[in-house]
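Have the sequence and the 3D view ready, and we will walk along the chain together.

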Amino acid sequence: MSPNIWAMIFRVLWLLGYANNSESLNEAKQRASQAADTLIQLAREQQKVLFVGHGIFNRLLAKELRNRDWSGPRSPGSTHWSFGVYKQLRSSDEAK
């Protein structure tokens with residue numbers, strides 16, 4: 001089989017819970033949650049933040065930000081050099 005087929009098979013197995021000797025999907029989701037906490041805090045302090053990531057982790061992070069009232073694409077893209085811009089819908093001060 002081609003490397004692309006193997007990659008697809010292993011990706012599906014990972015999504016189904018197989019993660020022998022690697023980060024599990026749940027661990028990656030926890031890491032995305034922690035990254036969202038960090039990015040949100042940095043954005044509050046610096047107004048703008050650049051995050052450079054890869055593949056599925058970018059999608060997990062995008063989901064975390066959108067779940068926390070940030071607007072932006074569901075997926076930042078899957079091609080080389082694609083990106084997503086996320087903005088806070090409302091500040092925490094306005095929510096009070």
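A polar contact is a pair of N or O atoms within 3.5 Å; within protein, one must be able to donate a hydrogen and the other to accept it, and residues adjacent in sequence count only if both atoms are side-chain atoms. The side chains of Glu-45 and Gln-41 make such a contact, at 2.9 Å.

A word on the source: this is a predicted model, in which local features need pLDDT of at least 70, side-chain atom pairs count only at pLDDT 80 or more, and totals for chains, interfaces and linings use all residues. Residues are numbered from 1 along each chain as its sequence is written, and side-chain values use heavy atoms, with hydrogens and water left out.

Back to Glu-45, which sits in helix α2, residues 25-46 (helices are DSSP runs of H or I with at least four residues and strands are runs of E with at least two, numbered from the N terminus). Glu-45 is partly exposed because its relative accessible area is 45% (buried means under 20%, exposed over 50% and partly exposed in between, with a 1.4 Å probe and protein chains only). From Glu-45 to Asn-21 there are 24 residues in sequence and 37 Å in space, C-alpha to C-alpha.

Which backbone angle deserves a look at Asn-21? Its phi is positive, although Asn-21 is not a glycine. Most residues other than glycine have a negative phi. Gln-47 also has a positive phi without being a glycine.

Now for the surface patches. These are made of residues with over 30% relative accessible area and no salt bridge, joining like charges within 9 Å and nonpolar side chains (Val, Leu, Ile, Met, Phe, Trp, Tyr) within 5 Å. A salt bridge is a side-chain nitrogen of Lys or Arg within 4 Å of a carboxyl oxygen of Asp or Glu.

A nonpolar patch, with about 1,000 Å² of accessible area together, includes Met-1, Trp-6, Phe-10 and Tyr-18. Tyr-18 is in the loop between α1 and α2 and counts as partly exposed because its relative accessibility is 48%.

Lys-29, Lys-63, Arg-66 and Arg-74 form a positive patch. Arg-74 lies in the loop between β1 (70-71) and β2 (87-88), and its 72% relative accessibility is why Arg-74 counts as exposed.

Note on methods. Accessible areas come from the Shrake-Rupley method with a 1.4 Å probe; for residues, only the protein chains shown count as cover. Lys and Arg count as positive and Asp and Glu as negative; His and the chain ends are not counted. The place of a charge is taken as NZ of Lys, CZ of Arg, CG of Asp or CD of Glu.
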